[in-house]
Amino acid sequence: MSRGNSSVLTPTDDALIAAIRGGDERALAHLYRLHWPMVSHFVLQNSGTEDDAQDVYQEGVMVFYEKVRDGSLELSCQIKTYLYAVCRRLWLKRLTSKSRFGVRLLDDEEHGVYLNTGAEDDLLAAEEQDRRFATMSEALNHLGEPCRSLLEGFYLLDKSMQDLTAEFGYTNADNAKNQKYKCLVRLKKLFFTHYKEEPI
């Protein structure tokens, strides 16, 4: 849940968060229009193009949106502040990946005080989760059959052990459980091997 205090959040912020949580797509469109000029100006004054600004802003808005929808947003500042911090971090990451030299961003005085918002932690957590999902998918691809189908059947398709016993031709459910356990051990090994090798 959002735990921002009323002295920080504006009535508009509260209404937007409530509407987004309730699935109102108009609220997301309104949010997008509301803070776009701020992020566009920031990216353009820091070596970016209009397209760059749109990419960064869309990604920033999606981070905010997903945090609101899953109830994990802990807002200690205005939405505007949060989005600025997220988009700033995203743009810095892009610039750093393109440059061999250090990158220094120009911040408007108005927004410079907005940087200690917790938004960076949220962004890092979202990036980490994406990396874990990608690594797990990669590990599943390397697992091979029948392990891949067995684990997907049980964990993703919610099939019972009885169904899987019949589908894979095991003599009984205990044999299927043993095989599932062995497959899970292999998957964990593959996951952590790939995960450690991935550059941060």
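Helices (H or I, at least four residues) and strands (E, at least two) are DSSP runs, numbered from the N terminus. By this definition the chain holds 9 helices and 0 strands, and along the sequence its pattern reads α-α-α-α-α-α-α-α-α. The model is predicted: local features need pLDDT of at least 70 and side-chain atom pairs count only at pLDDT 80 or more, while totals for chains, interfaces and linings use all residues. Residues are numbered from 1 along each chain as its sequence is written, and side-chain values use heavy atoms, with hydrogens and water left out.

The chain as a whole may be considered before its parts. Its accessible surface comes to about 12200 Å², and 51% of this belongs to carbon and sulfur atoms; such areas come from the Shrake-Rupley method with a 1.4 Å probe, and for residues only the protein chains shown count as cover. A residue is called buried under 20% relative accessible area, exposed over 50%, and partly exposed in between (1.4 Å probe, protein chains only). Of the 200 residues in the chain, 34% are buried. A contact means heavy atoms within 4.5 Å. Among the contacts in the chain with a separation of 6 or more, 66% are between residues 24 or more positions apart.

In soluble globular proteins, nonpolar side chains tend to be buried together. A nonpolar core is a set of buried Ala, Val, Leu, Ile, Met, Phe, Trp, Tyr and Cys residues joined through side-chain atoms within 4.5 Å. The largest such core here has 29 residues, of which Leu 31, Phe 64, Ile 79 and Tyr 82 touch the most other members. Helix H1 (11-21), H2, H3 and helix H4 (79-98) each supply at least two residues of this core. The largest share, 9 residues, comes from H4. Phe 64 illustrates the packing: leaving aside neighbours within four places in sequence, Phe 64 is in contact with Ile 17, Ile 20, Leu 31, Leu 73, Ile 79, Tyr 82 and Leu 83. A second, separate core of 13 residues includes Ala 139, Cys 147, Leu 164 and Cys 183.

Two of these cysteines are joined to each other. A disulfide is a pair of cysteine sulfur atoms within 2.5 Å, and a search of the whole structure finds 1 disulfide. The bond is formed by Cys 147 and Cys 183, whose sulfur atoms are 2.0 Å apart. Since Cys 147 lies in helix H7 (residues 147-156) and Cys 183 in helix H9 (residues 173-197), the pair ties together parts that are 36 residues apart in sequence. The link of Cys 147 and Cys 183 is left-handed, with -70° about the S-S bond. Cys 147 is buried at a relative accessible area of 2%, and Cys 183 is buried at 0%.

Aromatic rings provide another kind of pairing. A pair of aromatic rings is described by the distance of the centres and the angle of the planes. Rings of Phe, Tyr and Trp (its six-membered ring) pair if their centres lie within 6.5 Å; planes under 30 degrees apart count as stacked, over 60 as edge-to-face and the rest as tilted. The whole structure contains 5 aromatic pairs. In one of them, the rings of Tyr 32 and Tyr 57 have centres 4.8 Å apart and planes at 55°, so the pair is tilted. Tyr 32 lies in helix H2 (residues 25-44) and Tyr 57 in helix H3 (residues 50-69), so this pair ties together parts that are 25 residues apart in sequence. Tyr 32 is partly exposed at 26% relative accessibility, whereas Tyr 57 is buried at 0%. Ring pairs link Tyr 32, Trp 36 and Tyr 57 into a cluster.

Two features of the backbone remain. Most residues other than glycine have a negative phi, and most peptide bonds are trans. Pro 146, in the loop between H6 and H7, is joined to Glu 145 by a cis peptide bond with omega of about 0°. Ser 47, in the loop between H2 and H3, has a phi near 70°, a positive value in a residue other than glycine. At 67% relative accessibility, Ser 47 is exposed.
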